[in-house]
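Hi there,

Here is the model I promised to pass on to you. Have a look at it first, and then read my notes below.

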Amino acid sequence: MNSARSPLPARLVAAAGQWLPPLIVAAGFLGLWALLTLTIYKGKGFLVPAPQDVAAAFAENFAVIALASLTTLREAAFGYLIAIALGILIAAVLSQSRILERSFYPYAVLLQTVPVVAIAPLIVLWFGYNDFSVIIISLIISLFPIINNTLLGLQSTPRSLVELFAMHRTNRLATFWKLRAPSALPSIMAGLKISAGLSVIGAIVGEFIIGSGGTQGGLGVQIIFAQGRMYTSLLFAEVICATLLGFLFFLIVTLISNALLGHWHESAS
Amino acid sequence: MNTAATALDADATAPPRPRGGGVPIELREVWKEFDTKVKALDIVNLDIAGGEFVSIVGPSGCGKSTLLRIVAGLLAPSGGACVRATNARAAFVFQDAALLPWRSVLRNAELLMELEGYAAPDRRQRAEKAMQLVGLSGFADAYPHQLSGGMRMRLSLARAMALQPDLLLLDEPLAAVDELTRDTLQEELQQLWRKLNFTALLVTHNVHEAVYLSTRIAVMSPRPGRIEKVINVPFAFPRAPELRATAEFAALTGQVSALLRHHAVGGAE
Ligand SMILES: Nc1ncnc2c1ncn2[C@@H]1O[C@H](COP(=O)(O)OP(=O)(O)OP(=O)(O)O)[C@@H](O)[C@H]1O
Ligand SMILES: [Mg+2]
């Protein structure tokens, strides 16, 4: 029944069943990539570098990449955490009244439809060429999915449960904490998962705009540098790191989500 | 089971409430039109004595749930009045069991008492007794998704019973369980009603269920719902499961079904 109680071999088989397919895909992808660099892109490493060249560039520039990754990680993490706090708060407030929601929700949607790349320069103009601007850009891009999903979750409490609480004269506050908030949790978690990757994208976009006057910047800055130097294998290594950062956020949220919802929500398993 | 029921009845810490056969209900010229201009209920008059078990049957959409919500105090009638003792304690049992998936079985059983502000030790004790009453004692720490449909309904009943209601309102509580489970639950419901002495108002589509459980059956017309006829069910209590196989039982269910069919056709003209 419960996977925690089944014998070890069965668990290994189950784990293999889960991890093997994506690993096979990864191996196939690497193989195809290597093949391409040996055929079509032979001698054109500046367009598509071979996997081993990317690995070499990664090793050679490890210090720079690690520092850049940490910078981007810090910016994206701040943007993401502020977006979570702000997004949930805004949704909780909007969910309190239809009029509030109708007045402000359209502007929350604008947050999503405004091209972040286009307003990023404006934000840099306002807040300066620094980490703070990057955090703001990351925040803006991660905010809407969190507001939207939280609001959806808070508003889709099953009717019978709402009536049950109403029958026993439960006040608004107690109904919110005992019913609406917990039943919104799966939806909130879904929003957080979407925004996990977005926050890293926002940070990279922000770094593109602020650039760096020769000082050490995040991955976005390093990617622009690598491009300028036609150092494509380094660029690849940095893009991979940026991707993994987003994945890391996603993974952490998924683990938290499973821990919170594992024992009651079907979609969490 | 008997001891459990006695124990629940004899609970000295219970808040004072009128005993002796549940609370009477009087529906006087109640009608209901929604904001959408849908007229759900035409004039409804119904007198229910304390401790009665009345079922409401009628075509889909005729306003049965609306009527139940009015009696529950969840909806205000557009006109007329639903008269019942102001200190009467009512509990509602929904078709979908309406459990909180993030709470364990025991904590679900405690929910209504928690909302009503009972002290924690008292509520734990009553919840455990109520769970014993419906045969769920071994599942205190399980979560609702680990229960079968029948067990979920038992939990929903236990949750209501723990409150020692004077009035139990049931909206198609057994519509979603299989036939065998339904028969068992009907017997258990009848035992609970006989032991705990509440007034019961049951909405059902199942004529057999209505005849087996009720002292009287109210047959409603299609929307806007009216009570076309109230039928006495003469069988003595306790009613054995074998009653369902008798000719008298078949005759009465036949009579109710015929009435339903007749009015369904009549209403469509
Ligand atoms: N909150 C509401 N607002 C507007 N119309 C409603 C509302 N609730 C119910 N109605 C309408 O009132 C009518 C009666 O609904 P109700 O749910 O009471 O029917 P019912 O007899 O319980 O039906 P069923 O057997 O299918 O459960 C329906 O036409 C329904 O669409
Ligand atoms: Mg209904």
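What follows is a tour of what I found.

Please keep in mind that this is a predicted model.

**Chain B overall**

Let me begin with chain B, whose secondary structure comes to eight helices and nine strands. Of its 269 residues, 54% are buried. Its accessible surface is about 11,100 Å², and carbon and sulfur atoms account for 52% of that. Among contacts in chain B with a separation of 6 or more, 72% are between residues 24 or more positions apart.

**Around ligand 1**

Ligand 1 is surrounded by 14 residues, and the closest are Ser60(B), Gly61(B), Lys64(B), Ser65(B) and Thr66(B). Which element gives the most to this shell? That is helix H2 of chain B (residues 64–72), with three residues. By type, the shell divides into four nonpolar, seven polar and three charged residues.

Some polar side-chain atoms come up to oxygen atoms of the ligand. For Ser60(B) the distance is 2.5 Å, for Lys64(B) it is 2.8 Å, and for Glu172(B) it is 3.4 Å. On its own, ligand 1 has 630 Å² of accessible area, and the protein covers 68% of this.

**Helix H3 of chain B**

Now turn to helix H3 of chain B, residues 105–115. With 10 of its 11 residues buried, this helix is largely enclosed by the rest of the structure. The buried residues are Val105(B), Leu106(B), Asn108(B), Ala109(B), Glu110(B), Leu111(B), Leu112(B), Met113(B), Glu114(B) and Leu115(B). Where does their cover come from? It includes helix H7 (159–167) and helix H8 (172–210) of chain A, together with helix H4 (120–133) and helix H5 (149–161) of chain B. Just after H3(B), Gly117(B) has a positive phi of about 80°.

**Salt bridges**

Over all chains, the count of salt bridges is 19.

Within chain A, the side chains of Asp131(A) and Arg74(A) form a salt bridge, with 2.8 Å from N to O. Asp131(A) belongs to helix H6 (residues 131–155) and Arg74(A) to helix H3 (residues 62–94) of chain A, so this pair ties together parts 57 residues apart in sequence. Asp131(A) is partly exposed, at a relative accessible area of 30%, and Arg74(A) is also partly exposed, at 41%.

A second pair is Glu163(A) with Arg69(B), whose side chains meet at 2.5 Å, N to O. Because Glu163(A) sits in helix H7 of chain A and Arg69(B) in helix H2 of chain B, the pair joins two chains. Are these two residues buried or exposed? Both Glu163(A) and Arg69(B) are buried.

Glu52(B) is in the loop between strand S2 (39–48) and strand S3 (53–57), while Arg216(B) is in strand S8, so to speak a link between distant parts of the chain, 164 residues apart. Both partners are buried, with Arg216(B) at 18% relative accessibility. Beyond four places in sequence, Arg216(B) is also in contact with residues including Asp47(B), Phe53(B), Val54(B), Val230(B) and Asn232(B).

As for the network, salt bridges with shared partners join Lys178(A), Arg103(B), Arg107(B) and Glu114(B). Glu114(B) is one of the buried residues of H3(B).

**Backbone details**

Two peptide bonds in chain B are worth a look. The bond joining Arg223(B) and Pro224(B) is cis, with omega about -5°, and Pro224(B) lies in the loop between S8 and strand S9 (227–232). The bond from Phe237(B) to Pro238(B) is cis as well, with omega near -5°. Pro238(B) is in the loop between S9 and helix H8 (247–268) of chain B.

Positive phi values also turn up in residues other than glycine. Arg169(A) has phi near 50°; Arg169(A) is in the loop between H7 and H8 of chain A and is exposed, with a relative accessible area of 63%. Glu29(B) likewise has phi near 50°. Glu29(B) is placed in strand S1 (residues 25–33) of chain B and counts as partly exposed at 47% relative accessibility.

Key. Residues numbered from 1 in each chain as written. Chains lettered and ligands numbered in written order. Predicted model: local features only at pLDDT ≥ 70, side-chain atom pairs only at ≥ 80, totals over all residues. Heavy atoms only, no water. Buried < 20%, exposed > 50% of the residue type's maximum accessible area, 1.4 Å probe, protein only. Contact = heavy atoms within 4.5 Å. Near = heavy atom within 4 Å. Polar contact = N/O pair within 3.5 Å; in protein donor to acceptor, adjacent residues only side chain to side chain. Areas by Shrake-Rupley, 256 points an atom, 1.4 Å probe, with all protein chains shown as cover. Helix = DSSP H or I, 4+ residues; strand = E, 2+ residues; numbered from the N terminus. Nonpolar A, V, L, I, M, F, W, Y, C, P; charged D, E, K, R; others polar. Salt bridge = Lys/Arg side-chain N within 4 Å of Asp/Glu carboxyl O.
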